[in-house]
Structure formats: structure tokens, C-alpha cells
Amino acid sequence: MFTGDVSADDDDNRQAYIVYLGALPENGYSAPSQHINMLQELVGSNSNLLIRSYSRSFNGFAAYLSLAESKILERMKKEVVSVFPSRTYELDTTRSWDFVGLGERAKRDNVKESDVIIGVFDSGIWPESESFHDQGFGPPPQRWKGSCKGGRNFTCNNKLIGARFYPKNSVSARDDDGHGTHTASTAAGNAVQAASFYGLAQGTARGGAPSARVAAYKVCLKDIGCKDVDILAAYDDAIADGVDVISISISREASNILSNSHAIGSFHAMSRGVVTVGSAGNYGPDQGTVANAFPWMITVAASATDRRFVDRVVLGNGKDLTGLSVNPVNFNGTKFPIVYGQNVSRTCPALQASYCVKDCVDKDLVKGKIVLCDEFLANKEAYRAGAVGSIVLDTFTRDVSLVLPFPVSSLSLEDYESVKSYVKSAENPQAEILRSEEIIDKEAPYVPSFSSRGPSFIIKNLLKPDVSAPGLEILAAYSPEASPSDNPGDKRSVKFSVMSGTSMACPHVAGVAAYVKSFHPDWSHSAIKSAIMTTATSMMNVMKNPDQEFAYGSGNINPTNATDPGLVYELELQDYLKMLCAEGFDTQLLTKISGQKNITCSERTEVKDLNYPTMTTFTTALKPFNVTFTRTVTNVGLPNSTFKASVVPLRPEIQISVEPEVLTFGLLKEKKTFVVTISGKGLKDGSVVSSSLVWSDGSHSVRSPIVAYSINPFG
């Protein structure tokens, strides 16, 4: 029945596994007896290994097994459906960290993690939030040179060790917008139990590196934005203060490297060994919209987790429709009259009234009623007019639920039209907007439509974004001074709120960078970046993201794997300078930028040959191509190891070869160089073809996407 050897050493390496055997057999079958028999044949008479039999609704059991034993059972295809480790789940949390595998019980070194400092450039921070209390924290790292210059009524502590504010007319680093508190707590917030948004998403809220220190740099003002002058001032301070990681959830349209504060600031941060993580922007789904697309930055797209919020509408005729919004209000079974925008305006033409354009909705005609509007943003006008709720056509959010100031359900065109038909035909049309509910999104992970896409307008042949991370409907700490819906009339005050955007994805990666650095304090910025990229999961939803790597980069973050990547692609200042030489920067300019002497540009590195963890090339449509990439990897896994190359998946449009196909290392930090060649007869205009090079030694899988594209953002 069983094949394979089980070692006595397995007793020390057992963990709980589920052995799923499928549906229950016919009557007369004793499932528990079968489970005991299977275990006895596998490991002998050790009855203590059986944890539980499943025998009432389906057939299976839980037992303490070693990896080898689980593999033996897994090969029993006739009896066994699947075998998998039993993972520990808490009550539903901020969810995003659990979804990417960084649970509360993940391996950590809290002492080393507390030596890592994350600088957050944003709208400030709420220092009294539980996410930034300092119980259990010792004094800041001795190398910290920053200050607590938070302004009026602002106090730092041993968790929030520094604060500065820059915008004109700002009197404090205190956050009156909510955005900065949200991002800072996502990156490094303490674990706060029973966090929720009015009971929604209830669980434990925590950052990726909860023992790390936080320094807040306020560079943005509510309703005004973030100015280059303030952003560069923050970079200037943060690098000197001694931060290890910078998280900057700020982006704008692509611009020249030398006229972009992010490019300049992050270049200098890189030169001092600081990891800078930036958001890719919320300008999707159009291609070529990716922001912060500089090779010395980690550029982050937003991805979905398996938790979504939906808001259902029940019509008076009993029809139940599912829309989008984060709505904590419960009508408790009460239905209210529905009125169409065209019918509640005394001053506007019919078309404008149907869209509920500003000042078109008459207050006297909507009191105690739900307003139906042909435009998503019209919910603001319905709220201003005093309606009890609004049903709107989803012309804006597409695939994201937003916190709105009152009950709203944003419906698809088909569902919205069915509501309009009901309103027109019913004598007394009514509806109830239900409180939002949480559902499991089985399509995750994928990149939502708002997240910006590559290819980059700035630097050709560089894959951007680099990775994706949770950024859809994320619960995190919030400023109680800020409206959770960003509507001035919404006076609710909350400690936690739900937000979406690449702004939320960025601090996830900043938290991972800090987490990796806590394991490897001596690693360079590029080693940390490489580890995050080459261990990212490629199991993305291509059906929802046909633009593939231009949506999600190397894939979705896998924090625990990033601490042990096996190999890393390293880059130093000189490598970037050689690349800038090839991009047309002259030696005098580069000398000024870098402070390096004797730059000659005699050695130039094309972007495609920058020692980047991805390999990307633009090709002219329908023309044959043959492109080589030269890369060097550094061994950070086992001293004596052999990595073998594989290319997956194989694509008929391109041929890929690797030379050599085997890399043998005898020492840690030893370097090996290889060359990848891709060729093809020509790609269709506007197409993207991708594969991956995977170096594996049996313990590590070091994956680098290979992308050829004929999309030309340069015209």
C-alpha cells in the first residue's frame, strides 16, 4: 500500500497535516477505522499521531506527519485526494499579511527588527494611535540621528522615534487626512486586537514589521497635495537621520529623471544603502502609466487579497442585487422609496438631472428617500441633498469598494438598468441597502484596474512595476480627525478605516523590506530588492490581467521566502552610473549627481544588461529579434550548492537559452555570471510574451521574469 522509506528522525519533524479522502463511502464503512489503519501502516502503532477523523459529512483525517510521510500519502492517488499542512488562522484580521503568508506566528527576530527604521513620507501620522504605542520597546537605535520635530501637541516615543513636517502653513506632523497613519501602520504598526471599521473586517490589525521603528515625514497637506520641494527636503533629512527603508506612497505622471524629486531623492538614498519603496500610481488600466519607474526604487502595484466587501440592494419586488461599497449602516429591514435623479430636480435639464449633477438634486424631493443616479460620483450630491442613500451606476470604481459618507451601492450596468426598469414600472418603488458584507474572492491574487501598468515611459527595457502587494480594501489605522469618506460633511471619527490604492500596496513592501533586513542587517538595498522580487509568487490571475508582468511585475510578494532567496542580483552605484552613461548622461553631469570622481563613461551598460532581477526587451513588431542579457548572481544560500536553470513556461513565440545551465558555488557570497539569449521571428503589434528563468538547487527557486514586448510607449 505504501511506497517509500520513513525515517525515525521524522518523529522530531512532524506537524499537523490534513489528509483529505473525498466523500463518505456507502453504508457499512467505518471511516475512523480506515484512518487508523492507514496511519498504522505508515508509521506503526503510534496512535497519538491521529488528531481527528472527519467522518460525518466527508472523509478524511488530521494527523501529525513528517514531510516525507505526507509525500507518501500524497502518492496514494487511489485513496487520497490531497495532503496539506494545517495552517493556523486567527479571527479575520487586516487579512493582507495573512494572505501573503506573513502570519502573526511567522518567524521573527524582534530584537533585530527593532533596529530597523522605516521612514514614511506622507500626510503625517496620528501619534496617539495604538498602532504606535511603545510598550515593550527600548530606546531608539544608537545610530538614529533624527529628531522629534512634530510641532504643536506632538510627542514621539520609542516606537514613533521621529517626526518632521514640511508643507507651508502646516503647524504639526499630525495627520488630518488619514492617509499617512494608514500607510505607516501597514508597514510597521503594532498588533492591535479587535480592530475594525464599525465591525467590518474585524480582527488584529498589524504591520509587516511590527517591531520596527517609525519616523514620520509629513510632505503632503490635505486637499493641496505633495510638493517636490517638501519631498526632497524629506529625502534630505531621512537619509541623514539614518532610516533604513523609505516608504513613499506618492506618485505623478512620468517625467524626466532629473526633474523628478522621487528619482533624485531615491538615487541618493540608494547611494547610502537605503531601500526606497514607491507606489506605481493609480492611473490604470492603461498601459505605460506606471510611475516611480526608476531602477534604484522598488515600484509596487496593488493586488487583491481573498477578502472583498460588497453591498447588496434588495428591491421591493424581492430582487437582490450585489454592488460595491464599504457601508457599515444597517437599515434593519426597512425599505425606503427610490426616486430617479431626473424626477428630483426642479432646475436642471433631464440629462444633467439623471446624472445628479451638482446642485441638481432638490432637498425637499429626496428626504427619506434613496436616489438613483447615472454616475458614481453623484453619490456626493445625493448625500449633500439629504437622501438616506443612493444607488449609482459604477462608472468609476470598477472593482473596488470605497468608504462613502452614507449607504450607497454601486452597481454594474446590467444590474443598474434593472433597478431603473423597476423604478419606472412599479407604482411604489422601494429598496433596502444592506450593510456591507465580507466575501471570499476566489479570483485573487490579481491586480485591480486602478493600478498603473507598464511599460515604462522613462526607461526602455526595464520591467516596471517590480512586484505587486495587497492594496485593495485594506484595513489599517486612521486619523480620528479625518473623514473616513473624505467628505467634509461626514463627521464620523474612526481609529481604523478601509482604503484602496497602490498607496496601500507600497507600505506592504516597505514592511517586507524591513522584515528581510532584520534577518540580514548587512544586505545591500539591491540584495533586499532582489530577494523580494525573485521569491514573489507567479500564481497571478492572467485572465483578469492579460497585460501580465506589466500589471504585477515579478508577482505577488512572499515575505517569508524573501528572507532566504538562495541567490541575489546585486547592483552598486557604479552599475547605475554605467547605465546612465548608456542612456545619454554625460560624465560631467554624472560626476555632479554621484560625487564620484574619474567617471569616464568608457564602460556603458545598456538597460537590458543592468544586473536587474528581471529581463525585458522591446522589439519592433513583426521583425525578427535576437537579444542577450548578461547577469551575475551572488550566493546567499548554502556554501556548497549547485543551481540548475529551467525556463517555464515555454512559449512558441520566443526561444530562450541559458549559458551555462548549471551554476556551482563553493562559498557564500561567491558570484557567477550567465547569459540569457532570447530570439523570435517577430511579435504581433502591441503584444507581450513572457516566461521565466528559474535557478533551483532543490531548496530555493530563484525566479526572474523574461518579457518581450512590442508595445511602444515612445511612439
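Mentor: Let's start with a term: a disulfide is a pair of cysteine sulfur atoms within 2.5 Å. In general, it is a covalent bond between the sulfur atoms of two cysteines. Before you look for one, note that this is a predicted model, where local features need pLDDT of at least 70 and side-chain atom pairs pLDDT 80 or more, while totals for chains, interfaces and linings use all residues. Residues are numbered from 1 along each chain as its sequence is written, and side-chain values use heavy atoms, with hydrogens and water left out.

Trainee: Okay, how many disulfides does the count come to?

Mentor: The count is 5 disulfides. Number the bonded cysteines along the chain and the pattern reads 1-2, 3-4, 5-7, 6-8, 9-10.

Trainee: Which cysteine does a disulfide join to C148?

Mentor: That's C156, with 2.1 Å from S to S. The link of C148 and C156 has 85° about the S-S bond and is right-handed. To talk about burial, we use relative accessible area: buried is under 20%, exposed is over 50%, and partly exposed is in between (1.4 Å probe, protein chains only). C148 comes out at 36%, so C148 is partly exposed. C156 has 18%, so C156 counts as buried.

Trainee: And what about C220 and C226: is their link right-handed or left-handed?

Mentor: Right-handed, with 105° about the S-S bond. The disulfide from C220 to C226 has an S to S distance of 2.0 Å. C220 is buried at 8% relative accessibility, while C226 is partly exposed at 32%.

Trainee: Where do C356 and C373 lie?

Mentor: First, how the elements are named: helices (H or I, at least four residues) and strands (E, at least two) are DSSP runs, numbered from the N terminus. C356 sits in the loop between helix 8 (350–354) and helix 9 (363–366), and C373 is in strand 18 (residues 370–373), so this pair ties together parts that are 17 residues apart in sequence. Their sulfur atoms are 2.1 Å apart, and this link is left-handed, with -85° about the S-S bond. C356 is buried at 2%, and C373 is buried at 0%.

Trainee: Which cysteine sulfur is nearest to C506, which is in no disulfide?

Mentor: The sulfur of C220, and that is 12 Å away. C506 is buried too, with a relative accessible area of 0%.

Trainee: Let's move to the sheet. What order do the 7 strands of the open sheet have?

Mentor: Two strands pair if DSSP finds at least two bridges between them. Here the order is 6-9-5-12-13-14-23, with parallel pairing. Strand 6 (160–165) and strand 23 (467–470) are at the edges with a single partner strand each, so one side of each has no neighbour in the sheet.

Trainee: How many bridges join strand 6 to strand 9?

Mentor: There are 5 bridges, and the two strands run parallel. In this pairing, F165 has K218 of strand 9 as its bridge partner. Strand 9 (residues 213–218) also pairs with strand 5 (residues 117–122), in the parallel sense, over 6 bridges. There, I117 is partnered with R213 of strand 9.

Trainee: Which residues point one way from strand 9 and which the other way?

Mentor: R213, A215 and Y217 go one way and V214, A216 and K218 the other, and all are buried. With 6 of its 6 residues buried, strand 9 is largely enclosed by the rest of the structure.

Trainee: Now helices. At what angle do helix 6 and helix 7 pack?

Mentor: Axes are lines fitted to C-alpha atoms, for helices over the stretch in contact, and angles run from 0 to 180 degrees between N-to-C directions. Helix 6 (residues 228–241) and helix 7 (residues 261–271) pack at about 5°, with axes 9 Å apart. Under 35 degrees counts as roughly parallel, over 145 as roughly antiparallel, 65 to 115 as roughly perpendicular and the rest as oblique. Helix 6 and helix 7 are therefore roughly parallel. Contact means heavy atoms within 4.5 Å, and the residues making this one include I231 and Y235 of helix 6 and H262 and G265 of helix 7.

Trainee: Last one: where is W296 found?

Mentor: In the loop between strand 13 and strand 14. W296 is buried at 2% relative accessibility. Leaving out residues up to four places away in sequence, W296 touches several others, among them S266, F267 and Y576.
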